[in-house]
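Hi,

Here is the structure I said I would pass on.

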Amino acid sequence: MRKYLPRGWRLGVLASSIAAFIVFMINLCTTIWAIRKYPLKNGLGTIFEGSCETTKTLSLWIHLVINGLSTVLLSASNYTIQCLISPTRKDLDAAHSEGKWLDIGVPSLRNVGRLHWVLKVLWATLWISSLPLHLVYNSAVFPTTSTHGYNVTIAPENTLEYSVTELERHIKQYSDSYESAIGRWYTNRSDVDSYLDAERIMSMADALRGVVTAHSNLAWQQQLSMDCLTAYNTRFPSRFGNLILVMPRNDSAVIYDSFDISIDGGITSWLSCPHLHSIITGPSEHLRMRGCDPNNPTAKHLQAGNWTFDGKTVQWCLVEERNEKCTFQFSSSILYTVIVCNALKVVAMLALFLRSTPMSSSPPLVTIGDAVQSFLVEPDRYTIGICYAGRNHLTPKPRRKTLQTMNIHAWNRGQPQPRVWKTQRARTRWWRAISARRWAAAVIPGLIAIPLVADFINHSFQGLTFNTEEGINLMWKRGFGQLYIDSLAWAPWSDSVEITFLQGVLYANTPQLILSFMYLMYNSLFTGMVMGQEWNRFASITDRQYLRVTYPQGEQRETYWLQLPYRYALPLMACSAFIHWSTSQALFFTRLRIDNDTFSRVGYSVLATVVSLGFGGLLLLVVCLFGFRHYQNDMPTVGSCSAAISAACHPIGALTRRQREELVLKPLQWGDVGVGGEGFRHLSFSDKEVGVPIESETYAGVTAPETI
């Protein structure tokens, strides 16, 4: 069975294609099933309607699955792109002849310009299909929180003891008074007091009708005042409707007050002000929301064990229970987009697999072992005489460009350029295998994001409460991905919570795109550092290493991974999937249904943001700490530079091609191999005993291609 399977990186590309195809089938089958089972309305289907807690659980777990599938696609694409842009020997010879070099073993934009047009199309397809995928995938399914306005009636306790007949008599009296007041206003439109009286009277009549309903409706239940306070001081109300607060009787009034609470997409709860009695200044007057803290009032009343409202103590209350109507929905247009992007990835991966064959006359050099083998079998005439070269020797940064410096930096002259060897006083650290530009691209976005997100958390935390301990408890209680009145994200382009469906999807998922970029950059950093470790081991004076190549012969090592072993790649994938998921719960797209109107909103979770920031910061720290590890041997750091790798692959002596082909099958070492051309010592790979480079000795090496 094994002999029929592709080998090396081709097996990896096939595995990536299969993984992407499995994800495609999951997306396709799920979409077909959902559309057939749940009818669409305006492009949206409802998977579940009912308990808000069940909706929350569905959202958490399904988004965890989505982010797992997304990470599989991201990793498969990254693997395939890395194989796709790997240069051939023909590409390297052409670049070296121009005094340029390409990258070996790492993702690189440097190589794209040398690709065949077919490979450029595949490369562009894989990248372009990733953009919409990561911008919409997490919003393919989303919760819709259902809430409603309600009436609050404040009544003396004896009113609840009236019979229905007595209550209807009072309602009739209020109705007559309303007709009289509204009649006076119609007669004299400037008589505003009459209009306000009519409004107040009608409010009282409606309140009494609510009391009548409570008498005869089993949906109304009696609760203790503290239970009632806790129930209504919550996020958008869904389980409870109209409310009657029962006060001690101290006069002859039948109703003390009545007002409607309307939720228009983000108004603070009527329980949100520190002095509850101050928010009611008159019948049917709008509630004032300035200087409110949504949590301290409730905490104070709960600790005191009593609830005072408008200067009166709430004895108990009647609440109207309603069936929750939170929903979990999907967007067919987003699912279609995901399926198309997923399909493009599968096609591109399979096309690369079918286009590449083991018998190709110029196969891509995917691993550093592939490159070493190619350069040892066919030495590169453009890198003769610079056997000491590391990546920094070939990418100098002179302060000023003169004719002399330009001549010195022409490393591809094909003749000895002697240089005195200076032994490293301290062992080289892993971070030196990565270019400063690549480090900057990976680390700077994280260093910018950390203080910005931390500042956001600080402001959000202060919005929860003025007490640190209460804030932590509340943050933990709210959990991940839950929409609250005070956790609606403002759209930066409009300074408002108002947002369209598409704007909400893109806004909520922009961090996902950034995280995908960060994953690719961290993967690149680990890849470069681990490749440097593999290279450095060849300089060990005690151990020889067989080359790790795509198509091994004899005792050569076979590779299923490229440059990043599974012990690095798999934990990095798991971390990426977790951060993508926690971020999808930190900033999330949702829908808010208020009575009969539905709004698109973006919400945030402080706890999920803290977790995402902590985990992301930890990952950045781990990457940087790995950079401070030491390479064990004194050897030029080549990074992924093809020219520096080539410079180390000029065996000493007049070897025939057959001898060079036999050489690469043996365990190899790199080091001082003796005196080469023009009396200079030489550094190279050899299957014989080598020495460590000698301090203050001049190295250059061979003088002409050994093409015998």
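The structure holds one disulfide (a pair of cysteine sulfur atoms within 2.5 Å). Before the details, a word on the basis: this is a predicted model, so to speak of local features I needed pLDDT of at least 70, side-chain atom pairs count only at pLDDT 80 or more, and totals for chains, interfaces and linings use all residues. Residues are numbered from 1 along each chain as its sequence is written, and side-chain values use heavy atoms, with hydrogens and water left out.

The partners are cysteine 52 and cysteine 326, with 1.9 Å between their sulfur atoms. The link of cysteine 52 and cysteine 326 is right-handed, at 65 degrees about the S-S bond. Cysteine 52 sits in helix α2 (residues 52-84) and cysteine 326 in strand β11 (residues 326-331), so the pair ties together parts that are 274 residues apart in sequence. Helices here are DSSP runs of H or I with at least four residues, strands are runs of E with at least two, and both are numbered from the N terminus.

β11 also belongs to an open sheet of six strands, ordered β1-β2-β11-β3-β15-β16, with mixed pairing. Two strands pair if DSSP finds at least two bridges between them. At the edges are β1 (40-41) and β16 (597-604), each pairing on one side only. Strands β3 (residues 141-147) and β15 (residues 587-594) run parallel and are joined by four bridges. Serine 146 stands opposite arginine 593 in β15. Helix α16 (residues 566-586) lies across β15 and β16, at about 35 degrees to β15.

Now the helix pairs. Axes are lines fitted to C-alpha atoms, for helices over the stretch in contact (heavy atoms within 4.5 Å), and angles run from 0 to 180 degrees between N-to-C directions. Angles under 35 degrees count as roughly parallel, over 145 as roughly antiparallel, 65 to 115 as roughly perpendicular and the rest as oblique.

α2 packs against α1 at an angle of about 150 degrees, the axes being 9 Å apart. That makes α1 roughly antiparallel to α2. Their crossing is left-handed, meaning that the near helix is turned anticlockwise from the far one by less than a right angle (clockwise would be right-handed). Among the residues in this contact are Trp9, Val13 and Ile26 of α1 and Leu69, Leu73 and Tyr79 of α2. By class, the contact of α1 with α2 has 12 nonpolar, five polar and no charged residues. For the classes, Ala, Val, Leu, Ile, Met, Phe, Trp, Tyr, Cys and Pro count as nonpolar, Asp, Glu, Lys and Arg as charged, and the others, Gly among them, as polar.

What about α1 (residues 8-37) and α9 (residues 332-355)? Their axes come within 9 Å and cross at roughly 160 degrees, so α1 and α9 are roughly antiparallel. This crossing of α1 and α9 is left-handed, and the contact has 18 nonpolar, six polar and one charged residues.

Finally, α15 (residues 501-536) and α17 (residues 606-627) cross at roughly 20 degrees, their axes coming within 11 Å. α15 and α17 are therefore roughly parallel, and α15 passes α17 in a left-handed crossing.

Cheers
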